[in-house]
Amino acid sequence: MRGVRDVSWVETISISTTLLIIFLVIVPILAVVFLYLYDRKQKQHAILRNYPILGRMRYILEKTGPELRQYLFDNDNGGEPFNREEYLHMVLPGKYLNSVIGFGSKRNFNEAGYFIRNAMFTKQNEEMRVDNEVMVDTMRYVLDEDNLFSRKEHLEDIPALSWLLPEEDAIIIGPNCKHPFHVRSMLGQSAMSYGALGENAITALSKGIGMAKGAWMNTGEGGLSQHHLVGDADIIAQIGSGLFGFRTEEGEFSWERLREKAEIPQVKAFELKLAQGAKMRGGHVEGAKVTEEIAAIRNVTPYKTINSPNRFHQFDDYPTLFDFIDKIRQHSGKPVGIKVVIGSKQDAEELASFMRETGSGPDHISLDGGEGGSGATYQDLADSVGLPLRSSLILLDDALKKYGVRDRVKIIASGKITTPDRAAIALAMGADLVQIARGFMISVGCIMAHKCHTNTCPAGVATTDKKLQQGLVVEEKKYRVTNYILTMREGLFRIASAAGLDSPTKLDRQHVVYKDERGRVFTIE
């Protein structure tokens, strides 16, 4: 009996070994032979037809190239639209409620760039004009262990300072409106539509912004949804050329829907989107992202690709634009702004000149730079149409001052403003407030996969696919949004104190200088 058992055991090992050899050797060889024969016969790709095996390797490397560059080959300061260093400056504050670095800056100080003038005698913390009386209840990660093969961390509750402007320093948008918008956070979330982003991302943003107190979120042109409202954040309801959320079934503007939105307490202002930094045209959403819920909000057909008109049909010049703004303001009782991209000094001066002539115009101008992002656009528009923010911001601010209308309108700047120093430079160049889009996306999990337009976002952020959205846990990500806002606001006050100011509202052009590649320093006044 023992011999029989031994033979059975040996036979079992022999069979297992044979199957393993078939699986590891023969199956791959057959697969390679099949691909070789298939590629030699196909007529679409010349490389695969001439070099079947090497060609396959080429396409595999090409497909994985972005990931290989991002994680292995790009240096910390290489890569666009954000390099690894910039990416971490958005991730780490949200996760750890901390933006402290060690050893020194990784910035290349030999390159040309803008610098904030430090004061010889800085302000003390107790001298700052800041409201920190209301604490924010949030959570942050604490690192317990960080070894080569193991990493342990845990979440902890923590009360955090709110870093708000005092009531008397609040930025007031539309002071002459029936319901002015009092803003005590110098930064908010820039326009991102529900549809471009999934419901989990929008919900996490709403809750995180609401917990941070004082900040706002812009709905984007996709319309106002219940997911925007769930966190009780202040809302700027954007109206795009497609009129989503504000249209009749025939596609005309609905004044009734406008009044419905205006009656919602969280909606503090409206905004007409004339242009966006990454696309000087109407929005685009692939049909795969247009779920039945999104279609109902936008009053369009489900699962059908949406292309908004290049501009509004309701106006085509400044007189008709200003008339439309006045009507919305009258019907809603709330401030009305415009979102624009500046292409020249002439464009800025035409807008400011007409504001002076008519005594009318927008209550705020959301100024987007050509470097701004988008869920879906075209390379030619994103790369070459519209000026970058820092150039256009000075042109707009100068024009409004030249024609004596600067005090009537607030400028909200956007375009790759992701850290406190970039926000401070924008404020010094003429902005009253700043708003951020991709920084908030990264706070809720974006890994810059560049798949926003495909509905296959691996992080569950820029997708409406239910399965992919499961990866984005709202109750965890909302705290990262809150922490990102708090560290940004704290950083603004820290920079102001270093410049000898008691508030970031006092940052001006005199507080920023430009150093060229030869080391020469210029003021920007």
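## Basis of the description

Because the model is predicted, local features need pLDDT of at least 70 and side-chain atom pairs count only at pLDDT 80 or more, while totals for chains, interfaces and linings use all residues. Residues are numbered from 1 along each chain as its sequence is written, and side-chain values use heavy atoms, with hydrogens and water left out.

## Overall architecture

The secondary structure of the protein chain comprises 16 helices and 17 strands, where helices (H or I, at least four residues) and strands (E, at least two) are DSSP runs numbered from the N terminus. The C-alpha trace spans about 100 × 60 × 50 Å along its principal axes.

Of the 525 residues, 50% count as buried, a term that stands for under 20% relative accessible area, with exposed meaning over 50% and partly exposed the range in between (1.4 Å probe, protein chains only). The chain exposes about 26400 Å², of which carbon and sulfur atoms supply 54%; accessible areas come from the Shrake-Rupley method with a 1.4 Å probe, and for residues only the protein chains shown count as cover. Among contacts (heavy atoms within 4.5 Å) between residues at least 6 apart in sequence, 69% join residues at least 24 apart.

## Nonpolar cores

A nonpolar core is a set of buried Ala, Val, Leu, Ile, Met, Phe, Trp, Tyr and Cys residues joined through side-chain atoms within 4.5 Å. The largest one here has 115 residues, and those with the most contacts inside it are Leu272, Phe440 and Val461. Helix 16 (residues 474–498) gives the most to this core, contributing nine residues. A second, separate core has five residues, among them Leu97, Val136, Ile158 and Ala160.

Not counting residues up to four places away in sequence, Phe440 touches Leu187, Gly188, Gln189, Met192, Leu205 and Ile209, and also Val481, Tyr484 and Ile485.

## Packing of helices 10 and 12

Helix 10 (residues 345–358) and helix 12 (residues 389–402) pack at an angle of about 35°, their axes lying 8 Å apart; axes are lines fitted to C-alpha atoms, for helices over the stretch in contact, and angles run from 0 to 180 degrees between N-to-C directions. Helix 10 contributes Lys345, Ala348, Glu349, Leu351, Ala352 and Met355 to the contact, and helix 12 contributes Leu395, Leu396, Ala399, Leu400 and Lys402.

By class, this contact has eight nonpolar, no polar and three charged residues, with Ala, Val, Leu, Ile, Met, Phe, Trp, Tyr, Cys and Pro counted as nonpolar, Asp, Glu, Lys and Arg as charged, and the others, Gly among them, as polar.

## Individual residues

Most residues other than glycine have a negative phi. Lys213, in the loop between helix 5 (199–212) and strand 7 (216–218), has a positive phi near 65° and is partly exposed, with a relative accessible area of 33%. Leu243, in the loop between strand 8 (234–239) and helix 7 (255–262), has a positive phi of about 60° and counts as buried at 2% relative accessibility.

Ala423 belongs to helix 13 (residues 420–428) and is buried at 0% relative accessibility. Leaving aside residues up to four places away in sequence, Ala423 touches Ile417, Val434, Met488 and Leu492. Arg56, in helix 3 (residues 52–73), counts as partly exposed at 30% relative accessibility; beyond its neighbours within four places in sequence, Arg56 is in contact with Leu35, Tyr38, Asp39, Leu48 and Tyr51.
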